[in-house]
Amino acid sequence: MLLVSSTSTTLSGQSQSCLCGYKTVVGMVTAMLEELNITVPVALHLDHGSYEGAKACIEAGFSSIMFDGSHYPIDENVAKTKELVATCNELGLSIEAEVGSIGGEEDGVIGAGECADPQECKMVADLGVTMLAAGIGNIHGKYPDNWAGLSFETLDAIQQLTGEMPLVLHGGTGIPADMIKKAIELGVSKINVNTECQLAFAAATRKYIEEGKDLQGKGFDPRKLLAPGAEAIKETVKEKMELFGSVGKA
Ligand SMILES: [Zn+2]
C-alpha cells in the first residue's frame, strides 16, 4: 500500500498539494506498475485526507482513500464519511475513516494522545467503511519518554462493538514489538509507519556524507547520494513486514 500525504508544508509554512498534484502521483504509479511488471496488488491510498482532498483523489484515480473527519463534531464526521462511503462503494474503492484524533504532529497539526469513544467508532464502522482508524493512546512521530503505552482497554472495547471491522493503528514508530503483536491480536489490520522510515533514511544519508563519499568520484550524483537512504527505508519496511506478519499476504 502506497500512502500519499495530502499536504506538504513549504518553508513559508503554507500547505500545498503533494508532489505537484494527485494526478501526477496516479500517472507515475500507474506507469510504474506497468513498466516494472508489478504482480502484487498495489493500493494507492490517500493518508489523512480532508473532505475536499478525498474527493480530489477519487477523481484523480486513487484506489483507496482515508477521510480524516476526526476534527469535526461526530455528526458531521458521520455525514461526510457516509457520503464518501457511497461514492467509494460505487467505484469499488476502499475507504478508511477516523474517530478520535491521533495524538502527535502530522502535517503541522499537533494533538495530545487521545482515546476514541467506542460508541462513536461503532457509528462510523456501521457506515460501511473498509477500515477504521481510532485513537488508542498512539501518537504520530517519536514517542515521548513518559508515554503511557497503547490503551488495550479502549482497543478491546472498540473491537467488541465493531466486530470484524479492520482497525488501523497510526503512529507505528517506536511502539514496542509486544504491544504491536497484542494490538494485531485485538483486530489491528493496518499499521502506519512513517517516522521510522524517515529516521532510517536520514541516518544512512548522514553516514554517507560524513564519510565523505559525496566527495569521491561522482558520489555527489543524487542517484548515488540518496541510494543508501532508500536502501535503509527498504530494510525498515522489511523488518516491519516480518514483525507485523504480513510477508506473502498481499
Ligand atoms: Zn496518521
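## Basis of the description

Residues are numbered from 1 along each chain as its sequence is written. Because the model is predicted, local features need pLDDT of at least 70 and side-chain atom pairs count only at pLDDT 80 or more, while totals for chains, interfaces and linings use all residues.

## The sheet

Seven strands form an open sheet with parallel pairing, in the order β1-β4-β5-β6-β9-β11-β12; strands (E, at least two residues) and helices (H or I, at least four) are DSSP runs numbered from the N terminus, and two strands pair if DSSP finds at least two bridges between them. The edge strands, β1 (2-5) and β12 (188-191), each pair on one side only.

Within this sheet, β4 (residues 44-49) and β5 (residues 64-67) pair in the parallel sense over 3 bridges, and histidine 45 has serine 64 in β5 as its bridge partner.

## Helix α1

The 14 residues of helix α1 (residues 22-35) should span 20 Å at 1.5 Å a residue, the expected span being 1.5 Å times one less than the number of residues. The end C-alpha atoms of α1 are 20 Å apart, which agrees. Just after α1, asparagine 37 takes a positive phi of about 50°.

## Helices α7 and α9

The axes of α7 (residues 195-210) and α9 (residues 227-244) come within 7 Å and cross at roughly 145°; axes are lines fitted to C-alpha atoms, for helices over the stretch in contact, and angles run from 0 to 180 degrees between N-to-C directions.
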